[in-house]
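Open the model in your viewer and follow the selections below in order. Each stop says what to select and what is there.

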Amino acid sequence: MISAGERAYITQCVEGGLRGDGRGCLDHRVTRLDVGTIPQANGSARVQLGGTDVMVGVKVEIGAPLAFRPDSGRVEFNVDFSPCGSPDFEGKEGEVLGADLANALARSVVVGPDGKAGGLDLATLSILPGNSCWVIFVDALILNNDGSLLDAVTMAMRGALAEIRIPHVEITKGDSAEVPEFEIDNEKSSKLDAGAVPIIVTVAKIGRRYLVDLTSEEELCSDFSLHIAVNAEGRVCGVTKKGSTPVHASVMQEMLELAQRIGPKVIESLDAYIVDVLGE
Amino acid sequence: MWQKNAYLKKTRQGNVVKVVREHYLRDDISSGTPLDPQCSPSDAKLSADARHYLVVDTNVVLKATDFLEHSSIDDVIVPSIVLQEAKSRNLSAYHRIRALAADPQRRFYVFANENHRDTYVKQKDGELINDRNDRAIRAVVSWYKQLLGDKMQVILLSGDRENRRLAREECGAEACSVQEYARMRTDDKELLDLAAHWGQQEFDEDDESEGKSKKRRRIYEDHRPLSSLTQGIKNGTLHQGVLNVSRYCWHEGFVPSSIGQEIRIEGVSRMNRAMAGDVVVVEIVPDNVASRSGSRPGAADGPDADEEDDGYDVGDETTGLEASAVHGVDDAICLQGPQDDDSSTKPPSGQVVGIIKRAWRTRGYCGTIMPPRDGKDFVPGRARWVRFRPKDRRFPHMMMRTAQADQLLGKNIVAVVEEWQSHRRLPDCRYVRTIGTVGDTEAETDVLLMENDIATSPFTPEVLACLPPLPWDVGPADVADPHRRDLRHLCVCSVDPPGCKDIDDALHVRLLPNGNYELGVHIADVTHFVKPETALDTEAAQRGTTVYLVQRRIDMLPKALTEDICSLRGNVDRLAFSVLWEATLEGDVLHDKTTFTKSIIRSRAALTYEEAQTRIDDDRLTDDVSMSLKALARFGQILRKRRMEKGALELASPEVKLSIDTESLNPTDIGLSQVRLANKMVEEMMLLANSTVAEKILSRFPSSACLRRHPAAPRSKYEPLLKALEPHGVSLDVTSNKRLAETLDGAVLPGDPFFNTIVRMMATRCMNEAQYFGAAQYSRSEYYHFGLAMDLYTHFTSPIRRYADCLVHRFLAASMDQEVLPASAHDVDTVKGVTDNLNVRHRNAQFAGRASVTLFTLIYFKQKGTVTEAARVVGLRKKSVIVFVPKYGIEGMVGRILSGGEEAAKWDYVMNKSGNGVVSQSGKRSLKVFDSVTVRIEVKTTQGYEEEVIMSLVDEDAAQSADADMDTADAMDET
Amino acid sequence: MEYVTPEGLRTDGRRPRELRKLGCQLGTLESADGSATCEMGFTKVLAAVFGPRDTAGKLHPDRAVVRCQVATAPFSAGERRRRGKRGPLATEQAATIRETLAENIHLELLPRTQIDLYFHVLQADGGILSTCLNAGMLALADAGIPLKDLVGSCTVGYLESTPLLDLNYIEESGGGPLLPMAYQPNMDKILMLQMDKGKLPVETFEVLATLATEGCRAVTGQIRQSLMNHTKQLAVARGSV
């Protein structure tokens, strides 16, 4: 909750082009990325976006493809709020919030049934059509929430996905399609091509100003915001609108263009760091 | 104490789950050489004045294990990565190298290179794991080179040419192949021979041989990949099981399967390189093919067998061929008794499509090499392929490459199987060691011991340290023991075979004031000396049983215990474990009055069966011992009668008795051993003791007690016998032991007194083996002992020579709350492990004993010269018959032999249509089971140098035979 | 499976009586009153302390109330854990941790308050309970809660007749008995000692218990060191040094 005074203060500041922590409207907070924090996961990263602290661990396992896309792999999202972050996360509330975020991720990041629009070619994750495929489990852990959770999660996810190698699988036949046998080749594996996976840039409007990377207080002050998934080329891959206030189409357009400008820059700096850590 | 080590993560992708392990690198790993001042003397396994240090790679460890085991190889550094690789690829090689490293006599040092800060290498991007490991081994070489400088030469011993080249270039170290090294070691010529094997062919030049093998014609079908095998087993199209092979021929076998029937596998190509004992996967194949090859008299196994016989061209030499056919490819049907041709009951035929686990013996196979086929001599020193013939006919001939063929000829040697590729008609094997000259009694005995896996090494000092100091005598502590009753006042005596020194049982009987009799069985208190979980106990459990050969005894326990401390000798005080019963004059045992107690006894007399019998028979003798014996004999008869009424079987197994000249060890006489009343008396008392003890320990330890069972054989096992009896108008009822016993009694032919014995003998063979087991392994109804007609049975009465009895002693003592069982004895799995081993050891001991008799039979007939004797046909094979010679108690095969060098005997009998007899081709004469024949028994030299007892039909003047294996079921050796 | 080679090295290259690499970090979470990460080898636990504070829950008039919860990340183990409710094991572990750590707090100095302990197991590679206790210990210290002693915890086990210190997951799965211990070195008191799986002769048990106390002492040494370092950093940051 936020008091009316606080709200007025933040709104007025933003109108003047300055934010509570001294940033400009389109500046990000100090961002810290760690890749490979969880050796046991196939890919992992932790992002601290100001006070927002998230960890993403990705597991790659063999599972069954969806009935309507038998020749594709799957990506599954899951967001947990760690009670370590805040006692408020305990219980139902955290779960509902987590499910919301997971849905937003699924909508914006892996767009379309084949995932191509979202930057992942799910067809490459198929092993035996109709029987088995690779399933990529993206598990996000929210350690602290200070706004822009989806932005932070997608950043961490980019770091985690960059680490992933898909093992080489040899199907050593099993003519009756029930239980096919796999041989995993330990020496061969291929990098998951996740370069085209978008990140989410949340753009909000407070007063007449557009803002990115909102703190939780700022989020409470904004009437509505858009979670815009943007890829490295600046293409919009998905949009989720938050807040019930109706938006004029031109405003929407402006916000999208803003995200298209900012997104690639963020991705560029993330990738530069990731390459630094993991090597090419 | 906490050491901060840099750690590296190692990932391993298995089952698509990422596994991460820590890997600590250390700076405190010793180099193992006294030349290194940092190395503590206790770690210095290597010698300071070695010739040089050898670093071995995985290939060498896996393929040249024998080479490394040779005593002139020492000062070897084994990098831990090599052990890791070896472990994952061949567990037995791994254990052998581990044994070398643990042997204080050898200087093998395991260097933990993977955990050493300076020798750990990280896998590079795109580098194959094998290349990485080779690099790690080279890093070890470099490290040692740097450490030792000029003080010691370090040589890399590697089977990989590329690795050797890199070692020379990168580390500037000497590197050689095993062969090159053997050539370098001019001090020991034997090394060259051990190395000769892989020659320039298979080991060194992988690329070339690969090219060659592509050109080579595939002889056998490739085995299917494991995944498709498991899939097939899962959905029921394939069957997995252990391959059992005929004793007479290696490519006749069956696999017990889940479909309830055994699956027959006949023929070389269907065997598809499987060998006896392998865990194989079998596919059922249509039977018409099999029956065709089965019924064709001449070429037993179709084209494959024929090729086997003559075409065998391998390498640069072809070896003695026709001769090999004698044993390699004999008759198609090796099953005992007539073959059942009725297709409805015929078991399905199968083909081996995969081998899950090889049962290749790591201890090797005994055998001989066959002389060159062309009759020329081997050229000394030239490496060549020779044919190795295992002693055990269940295994195929093998090909061996050796440079000392001239020296190996006529020797018993040991070889191990290397591999069997699909383009090789026979498996490749490798020479391990020579045992001795063929025909030499000592060497032949060593062979039969080795074949039956019997440990003959002397007891280790640790084991001997467990013995009480000698001379030992019953001490005051034993007398004062409240749990030990002093029974020295009783008139106890023992009855055993002549020359028996390990006396484990003694008996007594006395009249009680109430008019009843007290019967007592006193068993040597071995577990008083063999305490659980000592070195002595472990060794005894491993050996399992004492092995009796004709001229020699291989003890389970050290001699001091076997012959002195435990042995219940006459007129000395000994510790015993006694079972005391009260019985009425009529012979009814009052079971509620039975007592068990540890005791001290003093045997009045240690008698032989013959002496005891004399005392029983001689009415004039009225001394205590004789009177006791007479009373005991009477009780024995009553007990026996009761047991027979319950359905116990009286069976015959021909126990051959050899009289041996003590000095020359040559047999002086041979014949069936005699069974006297005294034997039966002792047997009955022991049976009573065993069953009484079984009840006692089972009631106290219902899940872990060690018992003995004898499962009834299914009717199918008796089928051949029943069929053979038909023409004689005799039938047996095999539905129960009681009915069987009765019908066996009725199986007599007028004027043929020996007929009944033969029938009993053959019935015995149809039965299952008795086995030890832990009570939890079977349900109560399965404890039944078929042969003895007892609900419960165990072995209690021979702890000096059988480990099972020692176990039972401990159980009995614990059930009287006098001793505590070791925790392991409560553990169901441990008990199963111990009893499984005992069953194997027991069987091996019996085989060894019989093999020893066969050996001495041969020596006997060699001395005696040719004899002609009456014999009975006891079995039919496709083209031969098995005969039994009652006078000598021996058995032999009379049949066709394809001996090139010798006068070809014309054995032209083939099996008749109904399968119950063989008919000569002229049709003039036929033979059926139980027919009386006359055979000539002589010792002939086959294969140029090997001697065998040969039997041939006299009246036919046509036959020669091959071997004279003995086979008797052990169902009756129950006391 | 060979857990200790004849050369005396464990699967990961340690000797039987060596701890894994122990990592302690304080103040890892901004929002909590006290927080810490503890790593024992690859086992990694995040701990957060909220309180002492006043809440709507039941409070005790004479002392502080301690609550505890343990969560596990889905990616913490070899195979991904399905999202689900906390199992009975987690509940039991949480109770053990709560009791053990509460015993080390001067609860009587904080009447009518509540202290919440939260743990998130980020990676599991054996010794979870011990790692949680160590992380919790550090987080409590970070939160400035009055403690009685510097508790250290480690787990010992017994495999192939060898006492092993600080077992990793493979060793824990070896089937031998496991003894997690928490120990107050200055007061020389054992706060917690459990024995899971298997039976042991008393003599062996004593050997293991001694080894465990030694291990705990070593852990405490590390904990003390990282507390000192952290405090120094804080002092520098405040400009008081």
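Predicted model: local features only at pLDDT ≥ 70, side-chain atom pairs only at ≥ 80, totals over all residues.

**Stop 1: chain B as a whole.** Select chain B and colour by secondary structure. Chain B holds 30 helices and 38 strands. Of its 975 residues, 46% are buried. Now consider contacts in chain B between residues at least 6 apart in sequence: 69% of them join residues at least 24 apart.

**Stop 2: two helices of chain B.** Select residues 609-617 of chain B, which form helix α22, and residues 677-700, which form helix α24. Their axes come within 8 Å and cross at roughly 100 degrees. Angles of 65 to 115 degrees count as roughly perpendicular, so α22(B) and α24(B) are roughly perpendicular to each other. To see the contact, show side chains for Y609(B), A612(B), Q613(B) and I616(B) on α22(B), then for L677(B), A678(B) and N679(B) on α24(B). Five of the residues in this contact are nonpolar and two are polar, with no charged ones.

**Stop 3: chain C against chain A.** Chain C gives 24 residues to it and chain A gives 22. On the chain C side, pick out β3 (43-53), β4 (65-72) and β5 (114-123), the elements that each give two or more residues. Which element gives the largest share of this side? It is β5(C), with five residues. Colour the chain C side by residue class to finish: 13 residues are nonpolar, seven polar and four charged.

Note on methods: Residues numbered from 1 in each chain as written. Chains lettered and ligands numbered in written order. Helix = DSSP H or I, 4+ residues; strand = E, 2+ residues; numbered from the N terminus. Buried ≥ 20, exposed ≤ 12 C-beta atoms within 10 Å, placed from the backbone. Contact = placed C-beta atoms within 7 Å. Axes fitted to C-alpha atoms, helices over the stretch in contact; angles between N-to-C directions. Parallel < 35°, antiparallel > 145°, perpendicular 65-115°, else oblique. Nonpolar A, V, L, I, M, F, W, Y, C, P; charged D, E, K, R; others polar.
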